[in-house]
Amino acid sequence: MRLTFLLLTVLSLLIPAALTAQQDSLNPPVFDYSEVNEYEIGGLRVEGAFFAEQNAILGVTGLSVGDQIRVPGADIPKALRNLWRLRLFTDVAIEKEKTIGNVIFLIVRVQERPRLLRYSYQGVKQALHDDLNEVVNVHIVRGGIVTENNKVNAADGIRKFFVEKGYLDTKVSVEEVVDTARANSVRLVFDVERYDKVKIKDINFIGAENVKERKLRKQMKETKEKRKILAGSKFQQKEYELDKKAVIAYYNKEGFRDARITSDSLYRNDKDELVIDLYVDEGNQYYFRNIEWKGNSIYDSETLSNVLGIEKGDIYNDELLQTRLQFSQDNRDVSSLYMDNGYLFFNVTPVEKAIVGDSIDLEIRINEGPQATIDKVVIIGNDRTHEHVIRREIRTEPGDKFSRSDIIRSQRQILALGYFNQETMTMNTPVNPDRGTVDIEYVLEEKPSDQLELSAGWGGRRGVIGTLGVTFNNFSLRNLFNKEAWHPLPQGDGQRLSIRAQTNGRFFQSYNLSFTEPWLGGKRPTSLTVAGFYNRYNLGTDESPRSLTIQQVSGTLGTRLRWPDDNFIFRAGLNLQTLRLNQWSNLFVTDEGQVVTEGNYNNFSLGLTLARNTIGDPLFPREGSNIELSLQATLPYSAFSDQDYSKLSTEERFRWLEYHKWRFNADWYTTLVGKLVFKAQAKIGILGTYNRSIGTSPFERFQLGGDGINNQQFAFAGVDIISLRGYDITDLPNNVNNFTGQEVATPVFNKFTVELRYPLSLNPSSTIYVLAFAQGGNAWNGLREYNPFDLKRSVGVGARVFLPMFGTLGFDYGIGFDKDPDLNPQGNGNLGTFNIILGFEPE
């Protein structure tokens, strides 16, 4: 009884105490903010930070241990505002941990925004992921903070990416998924719904009365109607705005200087196709009336009007006016007239003096200024080429009057060397107005120019034919014995050294060596070329030899002419050649059809060439022409003899070859639009004789057909090899001997070609372009048979890659339309021919 009483007494004392303690723990003490207290900060710590540095967070708060703060007061709210400004947290708080007297210990609690660990795409092909990554990384990167704002921006960037490709209805959603691989990290999933491309059905010009809508649509290069199966049609807002400006520019060229697009409307038809309505206010069409010149003293008004080329009554065209005044690429403008005479400070301003009805009067005000003199000519960037090689090509010298055409010509001459990158070459003209002088700076970048030829080809029963050749296009002979100049060979003087060997052992051997000095003596552009070769072809055996051996040495002098202009070049060369035939093949045939297979023959000839070349870049010409007329002739030996050649044997008749051989080659290039280049080419060859009783020489003829590469093994055999894409050699009737059925060469040929070329890369380390061609050519046995309109026609496509160390590589696929299946029953009929180009471009 006493024990029970004691237990009840103890419980009655403990239970109220426990209840009181529990209530205190559930309701911690709260600051009494009705009373301001001053504390010293005794400690600071951070909770909830996974990525941000704790010390950095504390530094942002502005609070430090030992500071005196008031609670309540301005210090803690200021610290909270500083943390919120970082935009790194979704929640921040500063709490009291404890107080000891007037010392307070604080906890900074933060809830960090999640960080992006990775992202992925749904509804998008793998091929587009790299492009989309670039779009997303603009707005958010891995390890970065994920906010609603950058999620929306990234999704909108993806949507715009597809809209620009014509997927106007694209929708993009973003899903944020917690990634457990790392604390407080998420991954984003971009779900893309592209739907179909929106095609432009119609583009309507409402209000277009004086200009046909068809012409206006042609001005919209990127915004096109879907009319053809393979034609592109997509709507892109940026390009659409540019196309609208192009429409107005075309109106302005047609004299409608007030034309404007007042509004436009874009809507979908019942097939969900896009229709664009453009509302046009054409305004009036204007014309040039009176044009007056003011301020001109060097040239009279008549001269300037002739250069301007605009007559009274011409349609007003401000673009043409500006071009004729100062922006013409062909230098046919008033500005070029003055600047070519040293007036670098020349300025011209057209002013509309009066507008009467539909006519405009102009006053063209000229400020001629003083003539400028060239002070310094600086060459920058020639790391390998010696400076004198460049200076001898340029037309601008210190002390000369400034001339824009001389600068343009100098640029073309430098690029024609083939040592420098056309895409990066620049010219600067810093001016000193006080002195009236100008400096000319040519900024160059060297490119590889040497070539290596290393190849092996299968020669049928003759086995493998190996070729090793090197061409040093910027050689330096004077530094040949200077060890310090070998990098890896002496270079920089602009000389050309070529060494080539081709053999398959016993059957075929060819060795060639040539050297060219472009400036003999260093004073004038007089070139000297010396060359020699030894070629032997052996088809027989020791018991039954069949061979052809040719040895030749030659020397050629060339010089640049001053008249009619300095684009003309004249060359003269002497060729000494011997040919030895021993039961050779049926390639050489006389006019009577007799095959020449035996004998020793001498071919001593003089070569004369007149050429005009205005091509700047030989690798991918875009403007200019190269026209060349050449004559190769021997002495008329029969004129000094009274022999009856009709009674002599073939070997005796042709022991000393006599002939005159004419070649005409012309190439012309122009840029049609953008990078698209048009090329036109003509080639004509005629081999004539002095004495009909001797006949046309069986050597030095032409063989037209094939790719000009596979039949190059016969190029040393006194025959010019000319390619004709789409046709084999035996597809041309006159290339086949009527008696033996073997391939022969002819005395006359012509070939005409047009090409469209488009560059894929103009990088000097790998120039790449594609082409489409149409070609026609034929071969004849004499001038009496010659008919320039009797052509074997073909069309096709091809590609070229120029690698500095290997030359030109590529292919052509041509389809010939005029093949005779009876000539080549085992040929490919009307199918195309596939030709490979290795090392050099065939004729």
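The model is predicted, so local features need pLDDT of at least 70 and side-chain atom pairs count only at pLDDT 80 or more, while totals for chains, interfaces and linings use all residues. Residues are numbered from 1 along each chain as its sequence is written, and side-chain values use heavy atoms, with hydrogens and water left out.

- Buried here means under 20% relative accessible area, exposed means over 50%, and partly exposed is in between (1.4 Å probe, protein chains only).
- Leaving aside residues up to four places away in sequence, Trp584 touches Tyr537, Leu539, Arg546, Ser547, Leu548 and Thr597, where contact means heavy atoms within 4.5 Å.

**Helix H9**
- H9 (residues 318-327) buries Leu321, Arg324 and Leu325.
- Looking down the axis of H9, the buried residues sit within an arc of 95° (taken from the directions from the helix axis to the C-beta atoms), so they line one face of the helix.
- Those buried residues pack against strands S11, S12 and S13 and helices H8 and H10.

**Salt bridges**
- The whole structure holds 43 salt bridges, each one a side-chain nitrogen of Lys or Arg within 4 Å of a carboxyl oxygen of Asp or Glu.
- Arg260 pairs with Asp281, with the closest N and O atoms 3.9 Å apart. Arg260 is in strand S9 and Asp281 in strand S10, so this pair ties together parts that are 21 residues apart in sequence.
- Lys353 and Glu292 also form a salt bridge, at 3.5 Å between the closest N and O atoms. This pair links distant parts of the chain, with Lys353 in S12 and Glu292 in S11, 61 residues apart.
- Lys353 is exposed, at 51% relative accessibility, whereas Glu292 is partly exposed at 33%.
- Within it, the side chains of Arg45 and Glu47 meet at 2.5 Å, N to O.

Definitions and conventions
Helices (H or I, at least four residues) and strands (E, at least two) are DSSP runs, numbered from the N terminus.
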